[in-house]
Amino acid sequence: MNLITPDSGLLFWMVLIFGIVFFLLAKFGFPVITSMVEKRNETIEKSLKDAKEIELKMTEMVQDHARMLEEARKEQAQILREATDSRKQILEQAKTDAREEADKIVTEARARIADEKESAMRDIRREAALLSVGVAEKILREELSSEKAQQAYLERLVDEVARENEQVS
Amino acid sequence: MIRVLLISVLMLLQALSVPEGDSLSSASLRDPVRANAPERESPSGTEAEGNDLNVAEIIFDHIGDDYEWHIASWGDRHLILHLPVIVHSSTGWHVFSSRHLENGASWEGLKIDPEKGKIIEADSGKRPFDISITKNVLALMFSCLLLLAVVLCTARWYRRHDVLKETPTGIAALMEPLIMMVHNMARENIGEEDYRKFSPYLCMAFLFILFNNFLGIVPFFPGGANLTGNIAVTLVLALFTFFTVNIFGTKHYYKEIFAPDVPGFLKPIMPVIEVFSAMMKPVSLTIRLFANMLAGHIMILSIVCVIFIMAKYGAVMLGSMSVISVLFGVFLDALECLVAFIQAYVFTMLSSIYIGLARQKGD
């Protein structure tokens, strides 16, 4: 039948045309396209690999950064704590110092007051002794001005001494 | 889809414009040589009366080769492209337009054989050496020019642009995935070392089949020729693969064929089987592509012809069957688009596998 018998003319043209077109395209067509696309694919592959590496590096950097941040924060906290501590300490110290100073001042003041008091008392006592001696002089001069009174006084003194002696024995 | 609509519209108009009773014969009248061919029995049995539609003839007219290209008909007028006849008969070379051979006329001692539709010598009936530009040859030239233009334009795009900075546009963006698909297929099936040598052939075979398959689906000139459904074309393609396989076959490949490593009693049988199998590979490639594409064309044409068979059963039958056959035709055309790609892919894939098998270096 016609359909399954290859026609010689078509066979001839097919071989000729297919051959020519194949020759042209194999020389100027397909290799150009495939080599360019392969070049592009290689570049893309390389870029992807690079991108992955960069990403890895980025992750590391981010981690580093985070760690550094964390450390800095810790340090900051520590410094703050230390500052607080030292402030407290200084305050404490200042208070203690102030208290001690105050105490010292108070003690000194007290000592001085006591001294002043002492000396004032001494003065008063001396004054009082002088006064009483004066007063006693005057009184004795008045009472012992007569012979009789002198005698009576002496007698009484003798009596007293005698009584004291009896009591002792 | 376009084919179905166009053919049905044209044929309906043709049927309506001619007086009743005679309406359906116009298609057969257009080529009396073929219409008189006695062996063309219609499978649907509509050739009971002389005036009836000859479905088989219409179909074979569309899928076969011809010395003229019938582009369109309008009533009694036909737009026909008469193609050049180039033959070498016993009287030497003859080159003339096929117009001179219309209606069985003879010219320069040559005429068209009414039975086979081929040019023969008028007196002796011998078949001369015939390399006429027939319908299929013209379609082949057209599709190859298209293929050349498309691929060279794509290549030019890659020459003129920096692929690292630009993405392909236009025709390059369309062709790149196809070409790279075949290129990668070659790499997978042939192997990393020498796939580059065979990739251009596989790309060429794939795009050639793909272009011609799709042009075959296009219903109007210059598409519509049944080129990949022609056994001469598929045979040449398969032979190209066959020669590529056997010329570039390695020692290991030939050892597998002629001295395979099998038990002693199989030694004399195996080469026979292997040689036979090597011969059958191009045959199977030929028949697979040819039969698939031919069957697709016949199916679509048959579905379209249902409309014209139904015309004599009245308006209701004609209307309802037209709707059904148009719907079915749309489905078949979509299917054919799929088949067009699959068959190109399968042919290329099998070729690359055969080449890959012939290139093995042995374990």
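## Interface and cores

In this predicted model, the contact draws 52 residues from chain B and 34 residues from chain A. The two chains bury about 4,000 Å² between them, and 81% of that area is on carbon and sulfur atoms.

Five salt bridges are counted between chain B and chain A. One of them pairs B:R196 with A:E38, with the closest N and O atoms 2.7 Å apart.

On the side of chain B that touches chain A, the elements giving two or more residues are α4 (55-63), α5 (135-160), α6 (170-190), α7 (195-217), α8 (231-247) and α10 (269-310) of chain B. Of these, α5(B) gives the most, with 13 residues. The make-up of this side by class is as follows.

| Class, side of chain B touching chain A | Count |
|---|---|
| Nonpolar | 37 residues |
| Polar | six residues |

The largest nonpolar core has 67 residues, of which B:L147, B:Y158, B:L207, B:F208 and B:L237 touch the most other members. At least two residues each come from α1 (8-143) of chain A and from α5, α6, α7, α8, α9 (251-258), α10 and α11 (315-358) of chain B. The largest share, 13 residues, is supplied by α7(B).

Leaving aside residues up to four places away in sequence, B:L207 touches A:F30 as well as B:L147, B:V151, B:M175, B:L178 and B:I179. Another core, apart from the largest one, has 17 residues, including B:F290, B:L294, B:V304 and B:M310.

Key
Residues are numbered from 1 along each chain as its sequence is written. Chains are lettered from A and ligands numbered from 1 in the order in which they are written. This is a predicted model: local features need pLDDT of at least 70, side-chain atom pairs count only at pLDDT 80 or more; totals for chains, interfaces and linings use all residues. Side-chain values use heavy atoms; hydrogens and water are left out. Contact means heavy atoms within 4.5 Å. Buried area is the accessible area (1.4 Å probe) that two parts lose on being put together, summed over both. A salt bridge is a side-chain nitrogen of Lys or Arg within 4 Å of a carboxyl oxygen of Asp or Glu. Helices (H or I, at least four residues) and strands (E, at least two) are DSSP runs, numbered from the N terminus. Ala, Val, Leu, Ile, Met, Phe, Trp, Tyr, Cys and Pro count as nonpolar, Asp, Glu, Lys and Arg as charged, and the others, Gly among them, as polar. A nonpolar core is a set of buried Ala, Val, Leu, Ile, Met, Phe, Trp, Tyr and Cys residues joined through side-chain atoms within 4.5 Å. Buried means under 20% relative accessible area, exposed over 50%, partly exposed in between (1.4 Å probe, protein chains only).
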